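Let's take a friendly walk through this protein, going from strands to helices and then to a couple of single residues. Have the viewer ready and follow along.

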Amino acid sequence: MSSSSSFFLTNPFSSVSGSTHLRRSFNNARFGCGSVRIASSLNVEVQAPDLSKEVMDESNKVFVGTYARAPLVLSSGKGCKLYDIEGREYLDLTSGIAVNALGHGDPDWIRAVTQQANVLTHVSNLYYTLPQLELAKRLVANSFADRVFLSNSGTEANEAAIKFARKFQRFSHPDEKQPPVEFIAFSNCFHGRTMGAVALTSKEYYRSPFEPVMPGVTFLEYGNVQAAKELIQSGKIAAVFVEPIQGEGGIYSATQEFLQALRTACDSAGSLLVFDEVQCGLGRTGHLWAHEAYGIYPDIMTLAKPLAGGLPIGAVLVTERVAAAINYGDHGSTFAGGPLVCNAAVAVLDKISGPGFLASVTKKGQDFKKLLVKKLGGNSHVREVRGVGLIIGVDLDVPASPLVEACQQSGLLVLTAGKGNVVRLVPPLTITEQELDHAAEILFNCLPVLDKTANN
């Protein structure tokens, strides 16, 4: 055993500084699966120390407290499995909040990223690059859109859509001192946390600490056709923002009647219809875009989460009519559309857009939903299992957090949604039927924790 290895294994908490120790410990533990072990040159295996508490304690000293993180330190992943720093395995039905559509370590994605990293990573939007062009061409070819604007996140995409909508109305009403500048959003919606996007987000606790936010937003009941038609017809509305399927809001799907009424009213009044598909788009429903199931198309669509397979990206897809109102300098970004991120996105889009891939998402989603109804539906605390494709919500009559925590302790990672009473299931789209069966079994076995919650 080398002296350095001996030092670490026998004195992990000696005079070495905390950060140095953490780096050494993490580097030894990061590649583990199952039980993490450190092998010496003498083939002696020694269990690594429990690092999670130390990592969490040090993190809490240096980060702004914006996240209520689960007490879990993740170090590696492969496919639909994640491993914590001690080597425990978890089945991942979170996908990094619906981001890792291809799972962890997809070989095509890794190839796209590494090849591009060896060539060109960033040059800004002062210049043209091929990966950016290839991504934009694919987005246009596979959607209603004629043109694309790239950003770095979903909230940035929605900020751009806000600006585009207002600029479009000024462009369309050049002689009016006060063109339409107001917006409609809906109950349970989530469009982001930056100042414009948060103004469009219905939950007050996201907005109230930062008021005054952008004025001119009216929230209507999701699905209320009559209220939406009346307000759109007032002539004051620049754009209507709506999620065809609400993710953060609790996995609620719009009806055909509702989206068609919005489309018709917007056409009549000259308002723009914006579909926010940041979470529900790009194959998650079994369609490339969630709105395709309805046969109703927007003027603007915002995308983000899964597009680059885990790298930060957002996109705003627009018709030529909208794009005609936008001039150089109206919007921009230093980092958006960099060649590294775009090459990753090309790899993701090429894989997900295949008919066979989308058909597999549809089938797995249908089978999984049926299984969940069968296994969970008889529980008195389960009110409904809803969703489409691989975006599914289990609606409870009690808070979902105890069930989420129990699942984590049993090796399954899931999310909450809605008012904290919905278990949100958004696994990688590459998940297998066997893994979904295993997830359903863990959820079923953890249900008794809800009785304890109800009795407290």
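Which residue takes a positive phi in the hairpin of strand 4 and strand 5? It is glycine 87, with a phi near 95 degrees, in a hairpin that has four residues between the strands.

A word on the ground rules. This is a predicted model, in which local features need pLDDT of at least 70 and side-chain atom pairs count only at pLDDT 80 or more, while totals for chains, interfaces and linings use all residues. Residues are numbered from 1 along each chain as its sequence is written, and side-chain values use heavy atoms, with hydrogens and water left out.

**Overall picture**

The protein has 17 helices and 19 strands; these are DSSP runs numbered from the N terminus, with helices being H or I of at least four residues and strands being E of at least two. Of its 456 residues, 52% count as buried, where buried means under 20% relative accessible area, exposed over 50%, and partly exposed in between, using a 1.4 Å probe and protein chains only. Among contacts between residues at least 6 apart in sequence, 71% join residues at least 24 apart; contact means heavy atoms within 4.5 Å.

Two strands pair if DSSP finds at least two bridges between them. Within this sheet, tyrosine 83 has glutamate 89 in strand 5 as its bridge partner.

A second open sheet of four strands has the order 15-16-19-18 and antiparallel pairing. Here the edges are strand 15 (382-388) and strand 18 (415-417). On average, neighbouring strands of this sheet are turned by 30 degrees against each other, direction ignored. Helix 14 (residues 355-376) lies across strand 15, strand 16 and strand 19 (422-425), and runs at about 175 degrees to strand 15. Such angles run from 0 to 180 degrees between N-to-C directions, with axes fitted as lines to C-alpha atoms, for helices over the stretch in contact.

| Strand pair | Bridges | Direction |
|---|---|---|
| strand 4 (residues 81-84) and strand 5 (residues 89-92) | three bridges | antiparallel |
| strand 5 and strand 17 (residues 412-413) | two bridges | parallel |
| strand 15 and strand 16 (residues 391-396) | six bridges | antiparallel |

**Helices and their packing**

Two packed helices are described by the angle between their axes and the distance between the axes. The axes of helix 6 (residues 130-141) and helix 13 (residues 339-352) come within 8 Å and cross at roughly 35 degrees. From helix 6, Pro131, Gln132, Glu134, Leu135, Arg138 and Leu139 meet Pro339, Cys342, Asn343, Ala345, Val346, Leu349 and Asp350 of helix 13.

Which residues of helix 10 (residues 225-232) are buried? They are Val225, Ala228 and Ile232. Seen down the axis of helix 10, these buried residues fall within an arc of 70 degrees, so they line one face of the helix; the arc is that of the directions from the helix axis to the C-beta atoms. Their cover includes strand 7 (182-186), strand 8 (217-220), strand 9 (237-242) and helix 11 (256-269).

Serine 52 is found in helix 3 (residues 52-62). Its relative accessible area is 9%, so serine 52 counts as buried. Leaving out residues up to four places away in sequence, serine 52 touches Val73, Ile85, Glu86 and Arg88.

Beyond its neighbours within four places in sequence, leucine 317 is in contact with several residues, including Leu139, Phe144, Val148, Ile300 and Met301. Arginine 147 is another of its contacts: leucine 317 and arginine 147 are 170 residues apart in sequence, yet 6.0 Å apart in space, C-alpha to C-alpha.
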